[in-house]
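Dear colleague,

Please find below the sequence and structure that I am handing over to you. The notes that follow set out what was found.

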Amino acid sequence: MTTLLQINSSVFSTGGQSSQLADHYVATWKKANPSGKVVTRDLAANEIPHLGGATVGAFFTPAEKRSAEQQAAIALSDELVAEIQAADVVVIGAPMYNFSVPSVLKAYFDHIARAGITFKYSEAGPVGLLTGKKVVVFSTRGGVYAGSPADVETPFVRQFLGFLGMTDVSFVYAEGLAYGDEKKAEAMKAALAETEKLAA
Ligand SMILES: Cc1cc2nc3c(=O)[nH]c(=O)nc-3n(C[C@H](O)[C@H](O)[C@H](O)COP(=O)(O)O)c2cc1C
């Protein structure tokens, strides 16, 4: 069965503009893949904590040597890793917040970057282990940055996903959403149309 994992990171949860675009992708994908399974991870509804010393300590301890406390500290990370490992398609709502991704999405990224599980180092350098996935990132912005050096969010997200082996990544932008109702409506309409093409 084909599985799609939808990760929303807007503080507005399902009401976020990035979540709305991601939802539209998922609805269109579901029509084309009626037997496909959709798993939703809403990072506003279920916040991912910042990485703490206990969790990182557990990351660095071999599985068979972890204490009960360390197993508890690593449980969420294990769950998030298993969830993304099982996904064939990954849809990410990633609005621009203060030039980057929302901090909950960074916390999520911190939990799925696991040496020996989602990436490893070889003599030739790092090797991503989350391969064979299609990823679509929906980035909504108040201003207009895509394609300019001021867009530091896109290269970061692309670099991070690529490091874990996810290299088939498309970005859909809706920008200028703070430039008035008309511009906002135009940008959302164009992004929805692009979304439909990508999902069909
Ligand atoms: C905390 C916060 C920080 C923001 N920072 C930026 C920014 O750095 N650049 C920008 O263009 N828009 C910024 N915006 C505007 C959002 O990118 C824009 O409203 C986007 O559509 C929000 O997506 P969402 O509704 O999915 O959360 C910010 C909005 C919030 C709430």
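A polar contact is a pair of N or O atoms within 3.5 Å; within protein, one atom must be able to donate a hydrogen and the other to accept it, and residues adjacent in sequence count only if both atoms are side-chain atoms. This is a predicted model, in which local features need pLDDT of at least 70 and side-chain atom pairs count only at pLDDT 80 or more, while totals for chains, interfaces and linings use all residues. Residues are numbered from 1 along each chain as its sequence is written, and side-chain values use heavy atoms, with hydrogens and water left out.

The ligand

An oxygen atom of the ligand lies 2.6 Å from an N or O atom in the side chain of S18. The backbone also takes part: a polar backbone atom of F99 is 2.9 Å from an oxygen atom of the ligand, and for a polar backbone atom of G143 the distance to a ligand oxygen is 2.8 Å. On its own the ligand has 630 Å² of accessible area, and the protein covers 76% of it; such areas come from the Shrake-Rupley method with a 1.4 Å probe, and for residues only the protein chains shown count as cover.

How many residues surround the ligand? There are 16, and the closest are S10, Q17, S18, M96 and Y97; a residue is near a molecule if one of its heavy atoms lies within 4 Å of it. This shell consists of seven nonpolar residues, eight polar ones and one charged one. In that count, Ala, Val, Leu, Ile, Met, Phe, Trp, Tyr, Cys and Pro are nonpolar, Asp, Glu, Lys and Arg are charged, and the others, Gly among them, are polar.

The nonpolar cores

In soluble globular proteins, nonpolar side chains tend to be buried together. A nonpolar core is here a set of buried Ala, Val, Leu, Ile, Met, Phe, Trp, Tyr and Cys residues joined through side-chain atoms within 4.5 Å. Buried means under 20% relative accessible area, exposed over 50%, and partly exposed in between (1.4 Å probe, protein chains only).

The largest nonpolar core has 29 residues, of which I92, L105, Y108, V137 and L161 touch the most other members. Two or more residues of this core come from each of β1 (3-8), α3 (68-85), β3 (89-93), α4 (103-112), β6 (134-140), α5 (153-163) and β7 (168-174). Helices (H or I, at least four residues) and strands (E, at least two) are DSSP runs, numbered from the N terminus. With six residues, α4 gives the most to this core. A second, separate core has 17 residues, and A22, V26, V89 and A191 are among them.

Helix α4 is mostly covered, for seven of its ten residues are buried. They are V104, L105, A107, Y108, F109, H111 and I112. The elements that cover these buried residues include β1, α2 (53-59), α3, β3 and α5. L105 touches I7, S9, L43, I92, G93 and A94, leaving out residues up to four places away in sequence; contact means heavy atoms within 4.5 Å.

Individual residues

Is Q6 buried or exposed? Q6, which belongs to strand β1, counts as buried because its relative accessibility is 3%. Its side chain makes a polar contact of 3.2 Å with that of N8. Apart from residues up to four places away in sequence, Q6 touches S19, A22, D23, V26, V39, T40, R41 and V91.

Two residues other than glycine have a positive phi. S13, in the loop between β1 and α1 (17-32), has a phi of about 55 degrees and is buried, with a relative accessible area of 19%. F99, in the loop between β3 and α4, has a phi near 75 degrees and is partly exposed, with a relative accessible area of 44%.

Q85 is in helix α3 and is partly exposed, at 40% relative accessible area. Beyond its neighbours within four places in sequence, Q85 is in contact with I117, L130 and K133.

Y121 is in strand β4 (residues 119-122) and is exposed, with a relative accessible area of 60%. Beyond its neighbours within four places in sequence, Y121 is in contact with P126 and F163. The C-alpha atoms of Y121 and K30, 91 residues apart along the chain, are separated by 37 Å.

Yours sincerely
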